[in-house]
Amino acid sequence: MYDLVIIGSGVTGYGAAMYAARLDLSVVVIGNVEGGTITLTDDVANYPGYVQLTGTELAEKLREHALDYPIFIETGTVTDVFRTKEKFFYVVTENKTFLAKSILFATGMKERELEVPGHDELKNKGVSYCALCDAPLYKEKVVGVVGGSDSAVKEALLLAKYCPKVYIIYRREKIRPEPINAKRVERESKIEIINNTNVVEILGEKKVIGVKLDRPHNGSDILPLDGVFIAIGGIPYSSLAKELGVELNEKGEIKVDRSSRTNLEGVFAAGDVVDSEFKQAITGVAEGVHAAYQAYKYVNENEFIFTCQEEED
Ligand SMILES: Cc1cc2nc3c(=O)[nH]c(=O)nc-3n(C[C@H](O)[C@H](O)[C@H](O)COP(=O)(O)OP(=O)(O)OC[C@H]3O[C@@H](n4cnc5c(N)ncnc54)[C@H](O)[C@@H]3O)c2cc1C
């Protein structure tokens, strides 16, 4: 029996675990990718206290800090969560079941896929979702990044270290990076921005040879490329929460109040999976800490009497 089960081992989950353990809650973090999304970048320069570090380093520091307390980290995917009549939760993975007084969804989001012809056939044959993982494969090649967010721009900046030419292809008028990254892009002569343009097809048979655009660029709607990196945002991992009865917004994000509480007693959510506008490592960690404190209050203010005979983990 745990006071708090945290689903998701990204920065939000680790931050919440550290704080919950400080508050003397018994905690397990269950996650299928250690460190989560932040490990996809090699340049984190906006986490207070660290001028610059890689995403993996940041995740590792938060994990180490959490493990400085008596918490458990379990590798696995949660496949089911349900509530008993006595207010307990069962959190089920492929091979274990955890019993909890409260739960925190810190499940983040998965990449939104570019739904155009050629995408599925050419995924991992020139279509990539991770510049940090794949950029070295494109040394001296011409690549495109689809998207205009700060993350997309950071992907382009990383690729420009390897590639002679990087196009940012964005459907709106103006890309929207943080000002510091906007300046970096302006200074990077290898990056060219193609605004107001959609990729409508990815071309190639065995590997990517280019993309088809919905409006001509330099007189042609075909842009020859060796690789296409997709960075068009994410879809929240909120289906388990939904099945439990947690309210979502129209984007599928979990609705929370300012203290990371959902509409269900004992169920909290934080980080990229919730309905906040600004999603960053530091905001996820802070929300996770709020959730830990609320879980502490919830666990201490309620009486829990376990009457079932089921085996607990
Ligand atoms: C390319 C890129 C660059 C970025 N750069 C920065 C930056 O420089 N600075 C910054 O502050 N932010 C940056 N961000 C944003 C930042 O990565 C996220 O805001 C942050 O990592 C969110 O953390 P999280 O813990 O909420 O979610 P995640 O990191 O996504 O972690 C959630 C974890 O839960 C797991 N999970 C989901 N469902 C289940 C389940 N059923 N069972 C078990 N595990 C599950 C997921 O697989 C994932 O590992 C960047 C994002 C990207 C994509």
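Contact here means heavy atoms within 4.5 Å. The model shown is predicted, so local features need pLDDT of at least 70 and side-chain atom pairs count only at pLDDT 80 or more, while totals for chains, interfaces and linings use all residues. Residues are numbered from 1 along each chain as its sequence is written, and side-chain values use heavy atoms, with hydrogens and water left out.

**View 1**
Start by finding V185 in helix 6, which spans residues 179–187. Helices (H or I, at least four residues) and strands (E, at least two) are DSSP runs, numbered from the N terminus. V185 counts as buried because its relative accessibility is 7%. Buried means under 20% relative accessible area, exposed means over 50%, and partly exposed lies in between (1.4 Å probe, protein chains only). Leaving aside residues up to four places away in sequence, V185 touches V153, L157, I191 and I193. A160 is 25 residues from V185 along the chain, and their C-alpha atoms are separated by 9.7 Å.

**View 1. Helix 5 beside helix 6.**
Where does V185 meet helix 5? Look for D150, V153, K154 and L157 in helix 5, which meet N181, R184 and V185 in helix 6. Helix 5 covers residues 150–159, and the two helices pack at an angle of about 35 degrees with their axes 10 Å apart. Axes are lines fitted to C-alpha atoms, for helices over the stretch in contact, and angles run from 0 to 180 degrees between N-to-C directions. Helix 5 passes helix 6 in a left-handed crossing. A crossing is left-handed if the near helix is turned anticlockwise from the far one by less than a right angle, and right-handed if clockwise.

**View 2. The surroundings of helix 5.**
Helix 5 is largely enclosed by the rest of the structure, because 8 of its 10 residues are buried. They are D150, A152, V153, E155, A156, L157, L158 and L159. The partners of these buried residues are helix 4 (131–134), strand 9 (142–146), strand 10 (165–169), helix 6, strand 11 and strand 15 (227–230).

**View 3. Helix 2 and its buried side.**
Helix 2 runs over residues 55–67, so 13 residues in all, and reaches 18 Å from its first C-alpha to its last, close to the 18 Å expected at 1.5 Å a residue. The expected span is 1.5 Å times one less than the number of residues. Its buried residues are G55, L58, A59, L62, R63 and A66. They sit on the same side of helix 2, because they cover an arc of only 130 degrees around the axis. That arc is taken from the directions from the helix axis to the C-beta atoms. Packed against these buried residues are helix 1 (11–22), strand 3 (72–75) and helix 8 (281–301).

**View 4. Helix 1 between two partners.**
How do helix 1 and helix 2 pack, and at what angle? The angle is about 25 degrees, with the axes 8 Å apart. Helix 1 and helix 2 are therefore roughly parallel to each other; angles under 35 degrees count as roughly parallel, over 145 as roughly antiparallel, 65 to 115 as roughly perpendicular and the rest as oblique. The crossing of helix 1 and helix 2 is left-handed. V11, Y14, A17 and M18 of helix 1 make this contact with A59, L62, R63, H65 and A66 of helix 2. Helix 1 and helix 8 pack at about 35 degrees, with axes 7 Å apart, and their crossing is right-handed. Here V11, T12, G15, A16, Y19 and A20 of helix 1 meet A281, G284, V285, G288, V289 and A292 of helix 8.

**View 5. Helix 8 and what covers it.**
Helix 8 has 21 residues and reaches 30 Å from first C-alpha to last, close to the 30 Å expected. Among its buried residues are A281, G284, G288, A292 and Y298. The cover over the buried residues includes strand 1 (2–7), helix 1, helix 2 and strand 17 (267–269).

Is L25 buried or exposed? With 7% relative accessibility, L25 counts as buried, whereas D24 counts as exposed at 68%. Phi of D24 is near 75 degrees, a positive value in a residue other than glycine. L25 touches residues including D3, L4, A292 and Y296, not counting residues up to four places away in sequence. L25 and Y296 are 271 residues apart along the chain, yet their C-alpha atoms are separated by 6.8 Å.
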